[in-house]
Amino acid sequence: MFLKGKTAVISGSTSGIGLAYAKALAAEGAAVMLNGFGDADAIEANRAALEQASGAAALYDPADMTRPDEIAAMIDRAARETGSVDIVINNAGIQHVAPITEFPVEKWDAIIAINLSSAWHMMRAAIPHMRTKGWGRIITTASAHSLVASPNKSAYVAAKHGVVGITKTVALEVATDGITANCISPGYVWTPLVENQIPDTMKSRGLTRDQVIEDVLLKAQPTKEFVTIEQVAALALFLCRDEAKAITGANLSVDGGWTAQ
Ligand code: NAD
């Protein structure tokens, strides 16, 4: 329970990796604020289970990560209702797969807003709260695509490279404030985000569903296995430990060796 008394705000935590972060942090006593979209009953069930696991508050805020005003209000609400904002995890993300010439402009705008700009707005709103306590952890889910590209993912690759740049810069700005800022870059993790991109990848590369899974998703990782949500969450939990305070401005891969190639 090393996170007792701390509050974590996690964008995009109604499913996938974000929900795994919430579970890992709550198991160590953190109050968590869930965010994202989805079935209201499922969100409430997750919220209640997190509260039971942590023995601390668990909140849900429906802030839309395309809306800076809603992001700032969510951070302020977490501070008001729990007493602090100590950990921020920028995790909300969407994907669209298409060649650049056929890439809808509104999809570019949405990916840049949700996957890139929201991280900047979250950090900007949370850092003043962290500074009042002299302690903070900023973690951003980047991707192997923050280091290497894949065809037909121009917006996603741009956004993921971008969050690494924001993270490095902010790590320098808060270096003497007891706050660290790091990215975690997973390889392919079997979540709705990955499952939903299979039809577009089939179309853009002329492959079957099985070929996409075997020859695109699993082949990216030398281990030939999907990364699991728990493996990603375990690294986030470690970054919250005091032993990790010298790790800042880093982009840490959890990708089965993908980007070592
Ligand atoms: P997911 O689809 O399970 O989760 C995405 C979350 O973002 C959901 O909670 C969703 O409701 C939320 N979200 C989407 N649009 C939002 C908006 N406008 N406002 C607020 N919340 C919004 O997918 P995931 O794979 O768990 O993705 C989480 C993060 O991990 C993303 O940033 C993604 O790019 C990154 N990532 C995923 C993989 C992978 O293989 N799954 C690999 C590397 C990085």
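How many Å separate the centres of domain 1 and domain 2, taken over C-alpha atoms? The answer is 24 Å, with domain 1 covering 7-188 + 227-254 and domain 2 covering 190-226; such bounds come from an automatic or database domain assignment.

A word on the ground rules. This is a predicted model, where local features need pLDDT of at least 70, side-chain atom pairs count only at pLDDT 80 or more, and totals for chains, interfaces and linings use all residues. Residues are numbered from 1 along each chain as its sequence is written.

**Domains and overall build**

Across the boundary, 14 residues of domain 1 are in contact with 12 residues of domain 2 (contact means C-beta atoms, placed from the backbone, within 7 Å). On the domain 1 side, the touching residues comprise seven nonpolar, seven polar and no charged. In this classification Ala, Val, Leu, Ile, Met, Phe, Trp, Tyr, Cys and Pro are nonpolar, Asp, Glu, Lys and Arg are charged, and the others, Gly among them, are polar.

The chain has nine helices and seven strands, which are DSSP runs numbered from the N terminus (H or I, at least four residues, for helices; E, at least two, for strands). Its C-alpha atoms fill a box of roughly 55 × 40 × 35 Å along the principal axes.

**The sheet and its helices**

Seven strands make an open, parallel sheet in the order E3-E2-E1-E4-E5-E6-E7 (strands pair if DSSP finds at least two bridges between them). Strands E3 (58-61) and E7 (251-254) each have a single partner strand, so one side of each lacks a neighbour in the sheet. On average, neighbouring strands are turned by 20° against each other, direction ignored. E2 (residues 31-35) pairs with E3 over four bridges in the parallel sense, and Leu-34 stands opposite Tyr-60 in E3.

For the angles, axes are lines fitted to C-alpha atoms, for helices over the stretch in contact, and values run from 0 to 180 degrees between N-to-C directions.

| Helix | Strands touched | Angle |
|---|---|---|
| H3 (residues 68-82) | E1 (7-10), E2, E3 | about 155° with E1 |
| H5 (residues 154-173) | E4 (87-90), E5 (136-141), E6 (179-186), E7 | about 160° with E6 |

**Around the ligand**

Of the 30 residues around the ligand, Gly-12, Gly-16, Gly-36, Gly-93 and Leu-193 come nearest (a residue is near a molecule if its C-beta atom, placed from the backbone, lies within 6 Å of it). Helices H1 (16-27), H4 (105-133) and H6 (192-196) each give two or more residues to this shell. By class, the shell holds 12 nonpolar, 17 polar and one charged residues. Both domain 1 and domain 2 supply at least three residues to the shell.

Technical notes: Contact = placed C-beta atoms within 7 Å.
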